[in-house]
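I opened this entry to look up how the parts of one protein chain meet. My notes are below the structure.

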Amino acid sequence: MSCTLVILGASGDLTGRLLLPGIGSLLEREPDRELRIVGSDRVEMSDAAFGEVLERTLTAGGAPAPVARRIADGAAYVRADVTDPEALRTVLGQAAGCAVGARTGGRRAHPATPDGAGHLVLYFALPPAVTEKVCEALQEVELPERTHLAMEKPFGRNEASARNLNELVATLVPEQQVHRVDHFLGKSTVLDLIALRFANRLFQAVWSAEHIESIEIAYDESLALEGRAGYYDHAGALRDMIQSHLLQVLALVTMEPPARITDRDLRDATAAVLRATRLWGGSPAAASRRARYTAGTVGERQVPAYVDEEGVVPGRETETLAQLTVEVANPRWAGVPITLRSGKALGVTRKHVVITFADVRHLPDGLHGPDPKDRLVIGLSPDVMELRITTNTTSDPLALEQSVFATTLREAELEAYGEVLAGILDGDPMLTVRGDAAEECWRICDDVLAAWAGGEVPMEEYSAGTAVPSSWGAALE
Ligand code: NDP
């Protein structure tokens, strides 16, 4: 399927570091894919200079050199402030190959796309506040036929603003043509959850509160701030990771089995389970913890205290480690604590989903030793899977110990961004977030963010390079 990708914010960090390399990996797998790229940003650049950037970045992502050259030769660049409707018409006219006029009346109106032009993806690689302004400006632009919008995270700042943005976006294109990007939905082990849960009798039979005691979804990183204070100090670990990525993983882990794997079935199931998700115990103070790193050593690196990092405003009280415990209040999961955690500058990096099974109802008399918890561990990076089950020791057939069946999964063909982009460029919304789910993710976090802002949850500390504090109860030692 042919597609024209218009990148707004073509000189930005996301475009250079993730978006274009992701497309490069996609072109490595699908070198014949018909794709034209039009870039736009505020900086002055010729078509040829933009083509050179494209060629270099796509090749670095894995695109064969002749394919990267072909895409670069067909590319165009438009310098524009895209919050201006007139400038947007110029950008879209360049992309659609026809004049784009002003929008008249309240209806969505579309100039005809030239035959064979395929669809057009408008990718907002822009700061979130600019994205909102562009959506407002697009009200005055007659969008070309078959325009899809790809919107980066964060989608809104809270539930109310996400709803407002959804309402604005709905005036532009139908929901099926809106792709809210969460690249965790393109991670190979996150996608493995679909087959693991829905194609294995073994796990399907035990996937409920009847057999599962608790679930942990964690993304603990060794990376510290890495010069990103401008973004991170306004976001923090809860907004950056839990509100978006980890709640999407939670949805795949806990959703009801869909009858078919289609965008509609999967996204319906996602929305239903997120709607059923609430804070554990109903109290933001009891269900959450937050902390900030102090100076320390991560591996070989000396890391300054977060508050001493360049660009950080200590008074913002931004957390670098966050934990939230929720419950999916439905017949399948009620009573199972589900802990979501993510943090930076940690010495022990756990990126995984841990399913902890309940103890057997009766341990036969005579078996002895500590009965270790049986667990399924799904690694989110690296891509590993472990089944930790109870066996007997070799020295004593009645003594218990844990044995680990571990496997490293095949290497993903595509970078997570490449996987998500493959769907977007095909016009398939399955691996992107639907509007109602985006609102639910904020609804789950909003009370916690308010409690934190009100000082109801103390800011704890951990030294950079150490593990998550033991009192936080991480699933694995
Ligand atoms: P950057 O600030 O690096 O890039 C944004 C680009 O948009 C800049 O080149 C900027 O130009 C340009 N821009 C800003 N305003 C306008 C305007 N009015 N008209 C035209 N161009 C404009 O941001 P990022 O690339 O880091 O982030 C982009 C989006 O991606 C954000 O929503 C972010 O949350 C999301 N994201 C980013 C990730 C990352 O690792 N960077 C990861 C995941 C999501 P100028 O420099 O002149 O301001």
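I am working with a predicted model, where local features need pLDDT of at least 70, side-chain atom pairs count only at pLDDT 80 or more, and totals for chains, interfaces and linings use all residues. Residues are numbered from 1 along each chain as its sequence is written, and side-chain values use heavy atoms, with hydrogens and water left out.

**Domains.** I looked up the division of the chain and found domain 1 (3–181) and domain 2 (187–472); such bounds come from an automatic or database domain assignment. Taken over C-alpha atoms, their centres are 32 Å apart. Domain 1 brings 34 residues to the contact and domain 2 brings 31 (contact: heavy atoms within 4.5 Å).

**Area.** I noted about 2700 Å² buried between domain 1 and domain 2, with 59% of that from carbon and sulfur atoms. Buried area is the accessible area (1.4 Å probe) that two parts lose on being put together, summed over both.

**Salt bridges.** I counted five between domain 1 and domain 2 (a side-chain nitrogen of Lys or Arg within 4 Å of a carboxyl oxygen of Asp or Glu). I also looked up Arg29 and Glu413, whose side chains form a salt bridge at 3.7 Å, N to O.

**Domain 1 side.** Elements that each supply at least two residues to the side touching domain 2 include β1 (3–8), α1 (13–29) and α6 (159–170). Helices (H or I, at least four residues) and strands (E, at least two) are DSSP runs, numbered from the N terminus. I found that α1 gives the most to this side, with eight residues.
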